[in-house]
Structures are given as structure tokens and as C-alpha cells.
Amino acid sequence: MSIEVRCPGCHREEEWPVGETGEVVVRLPGGHRRPKEHLVLAAWKTVHRAAGDPYQTVVGRCPACDQPLVSSSSEAPTFAYVFDLQPGQLVVEGETIHGPAGTMSLDDADRWVREHLPPASESGAGSLAFTTVALGIAGTLLGCWVLGIVFLGWFFWFGARTGELFAR
Ligand SMILES: [Zn+2]
């Protein structure tokens with residue numbers, strides 16, 4: 001008996017043994033795709049969806065991308081998924097949610113997580129640096145182009161005025 005486990009973040013798929021010893025079979029390694037949005041928010045949305053859905057269980061963290069692994073099998077073991085945010089920890093296990101101040105409802109937890117998301121630059125530092133460099137290069141090219149136009153315009157304008165440019 002085994003259960004199917006998948007990662008909505010990077011599309012990794014695994015087969016887990018249940019009730020007997022066996023090995024985890026990796027069907028699809030995944031790992032290349034990353035959620036486009038805030039990584040913590042993406043993880044929370046998956047956990048949130050599973051907590052409100054009797055047919056989905058969060059069973060672990062993806063070894064390839066650290067997003068939650070989910071299973072739709074009724075044999076799936078529950079896993080305590082921890083969100084380590086600035087004011088404290090939020091632990092979601094099955095339908096039970098423990099916030100820093102005690103048990104929370106799904107709606108309260110949703111509001112709490114969205115309020116306390118870490119800055120996006122922590123998860124998207126690489127793409128931010130890339131954007132800065134790309135904008136810098138584009139800006140430099142545009143600057144050179146404008147300077148070139150101004151210089152040429154100036155050159156021909158002076159040449160036409162003095163008549164020396166095309167005189168010889
Ligand atoms: Zn993954």
C-alpha cells in the first residue's frame with residue numbers, strides 16, 4: 001500500500017509506503033518551478049486549502065523546493081507544518097491551527113499570516129537584483145542613444161549653419 005504525494009510548488013511527485021516498511025519512490029523530481037508569488041504566501045495558500053478540504057492533507061515539506069507536500073489519500077499521515085513569522089510561530093496540523101496566542105480559526109489564521117508576511121525581498125532577493133541590473137543596463141543604453149542623437153543633431157545643425165560641413 002502506498003500513497004501519492006505531490007508538491008504544488010514545483011510539481012514534484014512521490015510515492016510513499018504506508019503501514020509497512022518501504023522506500024519513497026520519486027516519480028517526478030520537480031524542483032525547477034517556483035511559485036511566482038511570495039513563497040511564504042504560496043505555502044500558506046496550500047496549507048490553508050488543505051486545512052479546509054477533507055480530501056487533502058499536508059504530509060511534509062518538499063525536499064526540492066521547501067513548499068508543502070500534499071496528498072489526497074485518506075491514508076495520508078498528518079504533519080505539523082510550521083510558519084516561522086516575525087511575531088511567533090503558526091503550527092498547522094490537519095484542521096488544528098495553533099498561533100502564538102493559542103488555537104485559531106482558519107479565517108483568523110489567514111488574516112494573521114497575510115499581516116505578518118516577511119518582506120518579499122527575503123524570498124525574491126535574486127529576482128530583485130536581476131531586475132535592478134536589467135533596468136540599469138537598459139537605462140545606460142537609452143542614455144547613450146539619447147546622447148548620440150543630441151550630439152549628431154548638434155553637429156549637423158552647426159554644420160548647416162556655418163555651411164562648412166558640406167562646403168568642400
Ligand atoms: Zn517542490
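An open sheet of four strands is present in the predicted model. Its strand order is β6-β7-β8-β9, and the pairing is antiparallel. Strands β6 (80–85) and β9 (102–103) form the edges, each pairing on one side only.

Strand β6 is joined to β7 (residues 88–93) by six bridges, and the two strands run antiparallel. Together they form a hairpin with two residues between them. Two of the facing positions can be named. Y81 has V92 as its bridge partner in β7. L85 stands opposite G88.

On the next pairing, β7 and β8 are linked over three bridges, again in the antiparallel sense. Here V91 stands opposite H98 of β8. The hairpin of β7 and β8 also has two residues between its strands. In this hairpin, G94 adopts a positive phi near 65°.

Helix α1 (residues 39–51) lies across β6, β7 and β8 (96–99). The direction of α1 makes an angle of about 145° with β6. Helix α2 (residues 106–115) packs on the sheet and touches β6, β7 and β8. Relative to β8, the direction of α2 is turned by about 45°.

These elements contribute to the largest nonpolar core, which holds 26 residues. At least two core residues come from each of α1, β4 (57–61), β5, β6, β7 and α2. Helix α1 gives the most, with seven residues. Within the core, V47 and L90 touch the most other members.

The contacts of L90 illustrate how the parts meet. Residues up to four places away in sequence are left out of this list. L90 touches F83 and L85, as well as I97 and G99. It also touches A109, W112 and V113.

At the level of the whole protein chain, two domains are assigned. Domain 1 spans 2–118, and domain 2 spans 121–168. Their centres, taken over C-alpha atoms, are separated by 49 Å.

The average pLDDT is 89, and 93% of the residues score at least 70. Strand β5 (residues 68–71) has the highest confidence, at 97. Helix α3 (residues 120–162) has the lowest, with a mean of 82.

Technical notes: Residues numbered from 1 in each chain as written. Predicted model: local features only at pLDDT ≥ 70, side-chain atom pairs only at ≥ 80, totals over all residues. Domains from an automatic or database assignment. Pairing = 2+ DSSP bridges. Contact = placed C-beta atoms within 7 Å. Axes fitted to C-alpha atoms, helices over the stretch in contact; angles between N-to-C directions. pLDDT = per-residue confidence, 0-100. Core = buried A, V, L, I, M, F, W, Y, C linked by C-beta atoms within 7 Å. Buried ≥ 20, exposed ≤ 12 C-beta atoms within 10 Å, placed from the backbone.
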